[in-house]
Amino acid sequence: MTRRRLVAGVAVAGLSAGCLESTDEGPYDGYLANANGFEEVIDRTDADNVTVAVGAGGGLAFAPAAVRVSAGTTVVWEWTGQGGRHNVVSEGDRLSSSYYVQKGNSYEETLSEPGVIEYYCSPHKNSGMLGVIEVV
């Protein structure tokens, strides 16, 4: 069996089981393949509030880069003061914060609708400042 056929079979099996991860590119169709600081999806479905650091890992990362939450969870992005001017935005403006530089600034959203929200920092998107919130 070729590697490609094996990977395709595993991917189909994963999709059939409702798995959002792909084997070659990582979770979320590879969106986080070049994300700074991404190691794994953090499950915080037991929390009412979740905090994500903005400007982590030397200033150009979100920490955690990927987090799974329950519907109704409030996610708070808190600026570390590292890496310059950052924001939190997503396609379709689901997330849209102001730009901040200083430590202590924050932006929050209560996420009620299940789905995957891929977001980024506009000035540093091409530098790998990417994140995902998966709402279940």
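Colleague: Hi! How many bridges join β10 to β11?

Modeller: Six bridges join them, and the two strands run antiparallel. Keep in mind that this is a predicted model.

Colleague: Noted. Which residue of β11 stands opposite G115?

Modeller: That would be V135. Also in β11, E134 stands opposite V116.

Colleague: And how do β8 and β10 pair, parallel or antiparallel?

Modeller: Antiparallel, over two bridges. Within that pairing, V89 stands opposite Y120 of β10.

Colleague: Zooming out, what is the strand order in the open sheet?

Modeller: The order is β3-β6-β11-β10-β8, five strands with mixed pairing.

Colleague: Why is one side of β3 and of β8 left without a neighbour in the sheet?

Modeller: Both stand at the edges, β3 covering 42-43, and each has a single partner strand, so one side of each has no neighbour in the sheet.

Colleague: Changing topic: which residues touch the most other members in the largest nonpolar core?

Modeller: F62, W77, V88, L95, Y119 and I133 do, out of 20 residues in that core. At least two core residues come from each of β4 (49-56), β6 (66-69), β7, β9 (106-111), β10 (115-120) and β11 (130-135).

Colleague: Now N87, please. Where does N87 lie?

Modeller: N87 sits in the loop that runs between β7 (73-79) and β8 (89-90).

Colleague: Is N87 buried or exposed?

Modeller: Buried: the relative accessible area of N87 is 2%, and the cut-off for buried is under 20%.

Colleague: Which backbone nitrogen lies 2.7 Å from a polar atom of the N87 side chain?

Modeller: The one of S122.

Colleague: What else is N87 in contact with, leaving aside neighbours within four places in sequence?

Modeller: Besides S122, the contacts of N87 are F62, W79, S97, S98, Y99, Y120, C121 and P123. You can compare that with V88, whose list also includes F62, W79, S97 and Y120.

Colleague: Great, thanks!

Methods:
Residues numbered from 1 in each chain as written. Predicted model: local features only at pLDDT ≥ 70, side-chain atom pairs only at ≥ 80, totals over all residues. Heavy atoms only, no water. Helix = DSSP H or I, 4+ residues; strand = E, 2+ residues; numbered from the N terminus. Buried < 20%, exposed > 50% of the residue type's maximum accessible area, 1.4 Å probe, protein only. Polar contact = N/O pair within 3.5 Å; in protein donor to acceptor, adjacent residues only side chain to side chain. Contact = heavy atoms within 4.5 Å. Core = buried A, V, L, I, M, F, W, Y, C linked by side-chain atoms within 4.5 Å. Pairing = 2+ DSSP bridges.
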